[in-house]
Amino acid sequence: MSERHHIEASGEQAVAVGTNSGIVSTGDHATIDARTVHLSTNAVRHPAEVAAPPGTTNLPAPANPDFVDRVELLARLEAALGEAGPAVPPVVHGLGGTGKSALALQVAHRHRHRFNPVWWLSADSASSLTHGLADLATRLDPRQHLAAATSAERAEWALSWLQAHQDWLLVLDDAASPRDLAPVLGMTTGRHIITSRRTTGWRRLAQPLPLDALPSDAAVELLMRIIEPDGPDDERVLACLAEELGHLPLALEQAAAYIESTAISPAAYLDRLRRYPGRMFAASAASGREADDQRTVARIWQLSLQAITAQQPLAGDLLRLLAWLAPVPLPRGILEGVHEDLGEDPFAVDEALALLHDYSMITLTRQTVAVHRLVQAVARLPDPADPHRTVEAITTARERATLLLEQVLPENPLFNVLGWPRWRELMPHLMALTDRTTAEEENLHTAGLLVAASGYLQGDGHTSTAIACAQRAVDIHTRLQGPDHPATLVARSFLASAHRAAGDLETATPLHQQNLADHERVHGSHHPDTLVARANLAYLYALQGEPARARDLHQQNLTDMQRLHGPDHPHTINARANLASSYRDMGDLETAIDLHHQAVTDYERVYGPDHSETVTARSNLAYAYKLAGDVDAATALFERVLADRKRLYGPDHPLTELAHQFLEGTRTARDHEQP
């Protein structure tokens, strides 16, 4: 679902990697064999060979026991799922808050024993859809090498699995763009249910099923299922309350939760609601039903939060912070450090989250916390009449959310494979936060998030988004710090790398060349950051089939590293290893083997014989021996590498699997040479 190109990182203490077959340096004491990304997926089982485990599902929750009305739409959805042969999928569309997701969830739970898997996908963006399909692939085949693949690769695997199997059901929830769903809707061996706010654009893709607000009697029935009326007067008040709330299920459920939790009468609730008619969105004057929907939820949010903050003021701070993140589950562990910034203890955070969950303002599980998008929209918009939504409070919440993500994102996203699962969890929240941050609100922390995101997205194959993030970071640094600031140059290096990862060498080449020239002008030709820029340009030349130019730059880097740091510094050793790879690419295997052998000796002396980087250097030497035709030497080294990686990483780690592949390939070559 996205292109996979050469990948590379750039910036402080990082050098490029992509299809390089040798060792690649990544700064302080960090190397990785770049073949990991490209070759570890070879062992992934073919989708047609994988059967779905019984009961494979990720439905958010059991069917809503308070589900009312929708008889006609339920019947039409049931009919669509029961049709024989390929069917045009239904798309339930309408106003936000009308219960589209609840309807789809009701049907999905009814059929969870008929279909397998039954999988719920957030479809509010192409990226969300990709990540949801990637999660499906991991559930269907949770082998480590598949889990370590990029989300794009796992999504492609999931699509292949769907095409090869029958009797599955996908729920594509909150689809933002019909065209984003085209690849999934092309899978005709199963069934789909779509929900969306989009009314048009579904022709030839889906059968539109409009969903309006509840009829008045159904809205009252919903309230009465949650709130037991004391008599006819209460029933009359509940009818007035349903009307006041626009018969929207989300607003009705929140109101009922407030009444039930606080034990006030429906009349008291209705009176309070009517006393705050002007407390709504700042954009409440905008035309359209969506504004009416959000205005109603805004009233409920304000009333609920007043009761919540009376018990626990911290709850309001947390809700405003969460409002800047994505409307998808956030790992609760991310919030473990937020109590320090808020001046509270972790028990207070737990209590505040529990209180928000109790009032249905958030969805809380043992693992995650999530906020509905409408509640988030309310919480992010200032209202001078609402003490919980002052400009200062909302601005502070955005700044806290930015710092929180900055603190919990794993470092070195391109090469830190173990950090990829956490990146996949946090990426939607990072993008939501930065997308909602205006140019006037951007700061250096925003730029830091964007630079880090660009690095991860390059490795994950989302190069167009990686380019956009890097370009925005460049603009922020240039505006706030000037074009020659070191941080600006780092951001521009990531921008060049993103273009190169996208395969746009025509754009990347002048960017890398200018970046090196600027580093030399600002820092001098021997500054460590200049050497990083030079290494990145060398890698570009290698990609362009100019190994001699790459070799010259790597040789210059090695000379400078030796002078700056001495012969045994990790940067010097890494530079020597990169130079060895250049000679190998030029076909000068004798020189390459000498340099690789020296690199192994250096790594053993500096890091120790069992260090992971020493093992990687040993693997690169083995590969050079194999290219030179010395399969006996290569086999012996690959056997040692495999044993070392089993000990260091375990038998199922991608690096262990890669070592196994190299060893088997070398043994096969040796067997073919023997008479």
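A residue is termed buried under 20% relative accessible area, exposed over 50% and partly exposed in between, with a 1.4 Å probe and protein chains only. By this criterion Tyr456, at 2% relative accessibility, counts as buried. The structure is a predicted model, in which local features need pLDDT of at least 70 and side-chain atom pairs count only at pLDDT 80 or more, whereas totals for chains, interfaces and linings use all residues. Residues are numbered from 1 along each chain as its sequence is written, and side-chain values use heavy atoms, with hydrogens and water left out.

Trp423 belongs to helix H18 (residues 420–436) and Tyr456 to helix H19 (residues 444–460), so the pair ties together parts that are 33 residues apart in sequence. Helices (H or I, at least four residues) and strands (E, at least two) are DSSP runs, numbered from the N terminus. Trp423 is buried, its relative accessible area being 0%.

The pair of Tyr623 and Phe662 is tilted, because the ring centres are 6.1 Å apart and the planes stand at 50°. Tyr623 lies in helix H27 (residues 612–627) and Phe662 in helix H29 (residues 654–673), 39 residues apart. Tyr623 is buried at 17% relative accessibility, as is Phe662 at 9%. Together with Phe638, Tyr623 and Phe662 form one aromatic cluster.

Charges are also placed over rings (NZ of Lys or CZ of Arg within 6 Å of the ring centre and within 35 degrees of the ring normal). Arg549 lies over the face of Tyr541, 4.0 Å from the ring centre, and the charged end of Arg398 sits over the ring of Trp324, 5.9 Å from its centre.

Strand E6 (residues 191–196) is mostly covered, with six of its six residues buried. Arg191, Ile193 and Thr195 point one way from E6, and His192, Ile194 and Ser196 the other way. Strands pair if DSSP finds at least two bridges between them. E6 runs parallel to strand E5 (residues 169–175), to which five bridges join it, and Leu170 stands opposite His192. Strand E3 (residues 90–94) pairs with E6 in the parallel sense over three bridges, and His93 stands opposite Ser196.

How values were computed: Rings of Phe, Tyr and Trp (its six-membered ring) pair if their centres lie within 6.5 Å; planes under 30 degrees apart count as stacked, over 60 as edge-to-face and the rest as tilted.
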